[in-house]
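Q: Please take a close look at one part of the structure shown below, the interface, and describe it in one connected account. Give the cut-offs behind the terms as they come up.

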Amino acid sequence: MKDKKYVIFLVALIALYVVSEMRKSGQVNWSSTYHEEHKIPFGAFAMHDLMSDMFDQAPPKSEYKTLYELAVEDSTMGNPLIIADGVAMDNNDFNALMRHIDLGGTALISARNIQGPLADSLGFIVRMEDAELAYDFRAIQEALSGELEETITLNLTDNETKEFSYSTIATTSYFSQIEKENFDVLAVNATNSPVLISYKGMKGSLYVSTIPLVFTNYFILGEETSQFAAAMLSLFPEDELVVHNEYYQLGRREVQSPLRVILSNPSLKWAFFILLFTVFIFMFFESKRRQRIIPLITPLKNMSVEFVETLGRLYYRQKDHRKLAVKRVQYWKDYVRVHFNLKTDHFGDRFNTDLSSKSGQPLKSIEALMELVKRIEEGAVISEDELIKLEKGLNGFYGIE
Amino acid sequence: MNSVRSFYITNRFFYAAGTLVFLFIIGFALPWIAVVAEVIFYLSLACLLIDTLLLFRINDGIELERLCTEKFSNGDDNPVRLIIENRYPISLHLRVIDELPEQLQIRDQQFDLDLGSGEVKEINYKVRPVKRGEYQFGFANVFVSTFLGIVRRRYQLGEEQTVAVYPSFIQMRKYELLAISNQLQEFGVKKIRRIGNNMEFEQIKNYVSGDDYRKVNWKATARKGHLMVNQYQDERSQQVYSVIDKGRVMQMPFEGLSLLDYAINSSLVISNIALKKGDKAGIVTFQQKVNSILPASSRNMQLNLILEHLYKQKTGYKETDYSKLYIALKRKVTQRSLVLLYTNFESLSALKRQLPFLRRIRQQHLLVCIFFQNTEVEKVIHKKAEDLEEVYMKGIAEQLAFEKKLIVKELQAHGIHTILTPPKELSVNTINKYLELKSRGLI
C-alpha cells in the first residue's frame, strides 16, 4: 500500500514537470546559429534554399572543418562562405585562405567581430556596438519590434547604387578603420561606415562583411532584405562550388563526448555497452529485497563498564594514588581471606610463608608484594610508579596474563 | 509479473560479464580475441536463456515446511526445523533465508545446500530470544539455482507463524530432575553443606547398607526379623514466594537478557521445584507499587498459572518502593513463608535505604535476598591494565565488586539470607539455597 503511494506521487511529479515544460515551449529561440538546417530566426535554412536556386550547377554544401584542414587534408576547399558571430582564424587557416585567393578563388567572410591575423594582416578594425544584441533575447525582440531602421547603401558597380533598410540589429558592426589602399568599399551603413569591403591586389577576390545577420532566415524571408543577401551571394562565381563553412560558428559537427574513441572501435563499444548494461542489471537486481524489512530495535545496553570507566577517570584526574592503592589492597585482602582462609589483620614472615604455600606463588614475589602492601597500610605517600608496581604484583598474584 | 519478482541473478552472471568486458578490451589490441569474446557472449546469452527456462518452467518446484514449538523458552536455544523438498527433475543449489522474528535482529542468517532431484533435506537451527512476548516468523525465502548458476529463482514458502516466548520452561524441566534426585551436587553444579535433619516421619523401610544406623527401628526389626529403619522426609506445604523487583535496577542486561528476565526464569524454576517437593509456590511482583500477587498454592493448576502470570509481566522499570511491598506482604501473606526476593543492589548506600523494610519483612518471614554479581565489571577486574588510567579503572571495578560483598555481610548481620550470584548461575544457586534452607528446617 505504501509503495503505491510513492508511485502515485512520482507519476504526479513527472506529469507536473511535463506540463510545465510544455507551457514553456512558446518561446522563440533568438540565438544565432547560421546553421543550414535551423529554421529559427537566425538560422540559415532559407539561405541554403536560396543558394541552391542560385547555384544550380554546383549545389552548395556545408563543411565543419577549418579552412586549413579542408585545404590540406581534403584538398576540396571550394569557395568558402563563412558566416559567424565572430571569426578569429589562426595563421594556418589564414594562410590557407590567402593561398586560395591567390590561386584565383573567391571567399566571403561575414562576421560581427573579426580578429586575429585576418584583421591584422589585411589591415582593418571591426567595431561592434550593442554587443548584448548577440545573446540577449529580450533586447533582440525589442530591437526588432522597434521602428528604428537603418539604410545600407550597396554599390557593387561604380554607377549602380541600391539602398536597403535594415533593423539596427543587423548593422551593429562596421569597419571603423580600413587601409584604404588595400580595400574597395562595396557597401556602407547610414553613418557612411563600410560594412562590406573587398580585398584587392590578388588574383581572386576576398570579401569581408560585418553584417552576418542578413543571411539569416529572418531577413532573407523579408521581401526587400533578401535582395541584399542575394546580391552578396552573387559575388561568388556561378559555376564554382560554394562551401558554407560552419566551423567558425558551430565547430566540428561530430560526437563531442569523451566516449568518441570508445564508440569508434567496435570491440571497445561491445565492452562499454556490456559494462553499462551490467551495471544497470547490478543496480536493479542487487537492490531487490531478499527478505522482509527488519526494523532496528536497539537492544538494552549494559552500561556498567562505562560507569566504571567514568568513575575511574574521575579518580584518575584527582591523582590520589594512595586512596586508590588502599582500595586495591582492601580487595586483595578480601581475596586472600576468602580464597586462602588466612587472617589479614597481621602481616609477618609467617603470613608470607603461609600465603606462598597456599597460593603457590614464589616467596620472593609474595615478599615484594607484601612490602608494597605494608607501605600502603602504613600510610606512606604512594607514587605513580609504585601504583604500577602494585598492579604488576597483583596481576602476578591473581594470575592475570 | 510474479516471475519477474522472483527473478534474481547470481554473482556468476557478473563474473561472466566482467570477463567479457575484459576480453573485449583485449580485443581492441588483438582483434581475434574480440571474435572469441563475441562467440562467448552469445553462448552466455544462450546459457542465461536455458537457465531461466529450467528454473521457471515449473511452478511449485520447491516444498518447504517450518516446524517449531508453539512456545519458545526465553533465554534458551529453541530449535527450529525447516524441511525442504526438491521437486525439480534436476539437482539444485538452494540458499535459504528464513525470515526470523524481528526481535532477534538477525539479518545475515542464510543456509546453502545442494538438493538432488526429489531429495528431502532438513535444516536445523536455533534461536535464542531474550524478551518475552509474541514473535512473528515470516516466510522462508528459498533461492534456487541450477548447475549453470546464472539465474536464481526465489520461492517464498512456509507460512507466517506466531510464537509466544515464555519464561524459560526449558530450564525449569532441566533443574526439576536434578533437584528431585538430589543430584545438584553430583552434577558439579555447586557443593553445599546440608546441616540438620528433618523429623517428619514418612515410612519404615528395609535397611540397606549406607542408611544411618542410628535410625534403626528396633521394634520393627524385631517383628520382621531383619533390620528396618525409619525414614523421614522434608516438611511439606510450606509457602515459597518469589518476589520479583521490576524496578529500574533490574533493567541491566547480561548477555542480552535483562536481570528481570533472569529473575522471572529463575522464579519459574524454583516454583516448579517447590511444587514438586510438595510446597506451595506463589509470585509477587512490584515496582513503584505491588503489581500482582499470585497466592501460594499447591494445586495442580498452579504451575500453569505461574507460567502465564510470569509471561504477562509488563515492565516500566520505575523506582521501586519497598514500603509498599512490606505492606502488601504483611496483609496478604499471613503464614510464615520463604520469601525469595529478586532484586539488585549496586552499592551499600542503595541497600541502606531499603534495609529497614527488609528487616521488617524478615521478622515475619524467612527472607532470602537475591542479587547479582556484575560480571561485566568483573571482566574489567580480570583484565591487565595497560596504563595508569586503566589501573584506576580496575581499582574502581574492584571496589564495586568488594562493595557487593559488604552488602552480603550487612544483610547477614541483620539475619537476612543472601544469594550473590552471576546472572547465569542464578537458578542453580537459588535452588541450592532453597534445598539448604528446607533441610535445615528454617522455614
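A: **Chain A and its interface with chain B**

Chain A has 401 residues, and 43% of them count as buried (under 20% relative accessible area; exposed is over 50% and partly exposed in between, with a 1.4 Å probe and protein chains only). This is a predicted model, in which local features need pLDDT of at least 70, side-chain atom pairs count only at pLDDT 80 or more, and totals for chains, interfaces and linings use all residues, while side-chain values use heavy atoms, without hydrogens and water. Residues are numbered from 1 along each chain as its sequence is written, and chains are lettered from A and ligands numbered from 1 in the order in which they are written.

The fold of chain A comprises 16 helices and eleven strands (DSSP runs numbered from the N terminus: H or I of at least four residues for helices, E of at least two for strands). Among its contacts with a separation of 6 or more, 63% are between residues 24 or more positions apart; contact means heavy atoms within 4.5 Å. Chain A exposes about 22700 Å², with 54% supplied by carbon and sulfur atoms (Shrake-Rupley method, 1.4 Å probe).

At the interface, 52 residues of chain A touch 65 residues of chain B. Together the two chains bury about 5400 Å², 67% of it on carbon and sulfur atoms; this is the accessible area (1.4 Å probe) lost on putting the two parts together, summed over both. On the chain A side, A:R290, A:R292 and A:Y331 supply 13% of the buried area, more than any other three residues.

Four salt bridges are counted between the chains (a side-chain nitrogen of Lys or Arg within 4 Å of a carboxyl oxygen of Asp or Glu). A:D334 and B:K405 form a salt bridge, at 3.1 Å from N to O.

The most come from α11(A), with eleven residues. By class, this side of chain A has 25 nonpolar, ten polar and 17 charged residues; Ala, Val, Leu, Ile, Met, Phe, Trp, Tyr, Cys and Pro count as nonpolar, Asp, Glu, Lys and Arg as charged, and the others as polar.
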